[in-house]
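Subject: Handover of a structure and its findings

Dear colleague,

Please find below the structure that I am handing over to you. I should be grateful if you would look through it alongside the notes in this message.

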Amino acid sequence: MKKKIIITGVSGFIGKSFFKKIENSFNTYGTYNSTKINLNKTVKIDLSNLIETQKLIKKMKPDVIFHFAAMTNPKLNELDKKRSYRNNFLVTQNIVKSITKRTKLIFLSTDKIYDGDYKKNTETDSVKPLNFYGKQKLNSENFIKKYTNNYFILRLPIVHSNGNIKKNSLIDKFIYEIRKNRKLNIFSNVVRSFVKLNELNNFMVKLINCDEDYGIYNLGSKPYSYLDRVYLLSCINKNKFNKLVKPNLGKVFPLKQPINVSKVKKIFNFSFS
């Protein structure tokens, strides 16, 4: 019998992609709230409402929940903290309160829970979120750890695709514009880890049938500046790239925030490029 899976936030960048990847391999259902999505077996629901959430999960009896629904833009989280609390922490809290002990939960967290000390950033290091979004994700992590055991918490840096749609991420926007032969300024001094969407999807499929090694995992590539990452993915020669792209010095904090991914490499033998 196919496992029954619920994916929250299927109208989002990651949710929609992952739903399409697994919908025919598993008994897959999706939820959305404000943005309707043209996919089969999806339901509109306000997950910040505990009663609605409990009714859905009691009816569906999922084996696995991939919880992607969130308010992810750090700036918007700072501007509307009440909405951030509701869409990030309260929704997660309601899901955890509604699942049974047998339900596996995969939760997407963020590298924004780490402070600016880029020499650390392992799963066992102390954390100190630098913004309100990071705080809500950390609060969600702590609630999950306290009230359930069958969980994978995935701390993600920037997730991007291949530039086919520029609104997916800043990396996608840069690649898209370069392919249109448009000139850009790109940070050369801001260093991050990154995750390709297709690799994230492949890794999460592995977790569906994994019933051990639960816990928290950093996911990400080796450190790249934005400039180097875009060059790597743009697939054009260096001369053309240099004509279109001007290196720019960013004024963001922290300038360097790669994360340590040795745990996922060791336990799952999985690397992100």
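Predicted model: local features only at pLDDT ≥ 70, side-chain atom pairs only at ≥ 80, totals over all residues.

Helices α1 and α7

Two packed helices are described by the angle between their axes and the distance between the axes. For helix α1 (residues 13-22) and helix α7 (residues 197-208), the axes come within 10 Å and cross at roughly 60°. An angle of this kind is neither roughly parallel nor roughly perpendicular, the latter being counted from 65 to 115 degrees; α1 and α7 are therefore oblique to each other. Their crossing is right-handed. On the α1 side, the contact is made by Phe-13, Ile-14, Ser-17, Phe-18, Lys-21 and Ile-22. On the α7 side, Leu-197, Leu-200, Asn-201, Asn-202, Met-204, Val-205 and Ile-208 take part. Sorted by class, the contact of α1 with α7 has 9 nonpolar, 3 polar and 1 charged residues.

Helices α6 and α8

A second pair consists of helix α6 (residues 170-179) and helix α8 (residues 226-234), whose axes come within 10 Å and cross at roughly 55°. These helices are therefore oblique to each other as well, and the crossing of α6 and α8 is right-handed. From α6, the residues Leu-170, Ile-171, Phe-174, Ile-175, Ile-178 and Arg-179 meet Tyr-226, Arg-229, Val-230, Leu-233 and Ser-234 of α8. By class, this contact of α6 with α8 comprises 8 nonpolar, 1 polar and 2 charged residues.

Helix α5

Helix α5 (residues 132-147) has 16 residues, which at 1.5 Å a residue should span 22 Å. The C-alpha atoms at its ends lie 23 Å apart, in agreement with that expectation. Buried residues in α5 are Phe-132, Tyr-133, Gly-134, Gln-136, Lys-137, Leu-138, Ser-140, Glu-141, Phe-143 and Ile-144. The partners against which these buried residues of α5 pack are the helices α3 (74-79) and α4 (81-98), together with the strands β5 (104-110), β6 (151-156) and β11 (215-218).

Residue Asn-73

Asn-73 is found in the loop between β4 (64-67) and α3. Is this residue buried, exposed or partly exposed? With a relative accessible area of 36%, Asn-73 is partly exposed, because that class lies between the limits of 20% and 50%. Asn-73 and Thr-8 are separated by 65 residues in sequence and by 17 Å in space, taken from C-alpha to C-alpha.

With kind regards

Definitions and conventions
Residues numbered from 1 in each chain as written. Heavy atoms only, no water. Axes fitted to C-alpha atoms, helices over the stretch in contact; angles between N-to-C directions. Helix = DSSP H or I, 4+ residues; strand = E, 2+ residues; numbered from the N terminus. Parallel < 35°, antiparallel > 145°, perpendicular 65-115°, else oblique. Left-handed = near helix turned anticlockwise from the far one by under 90°. Contact = heavy atoms within 4.5 Å. Nonpolar A, V, L, I, M, F, W, Y, C, P; charged D, E, K, R; others polar. Expected span 1.5 Å × (residues − 1). Buried < 20%, exposed > 50% of the residue type's maximum accessible area, 1.4 Å probe, protein only.
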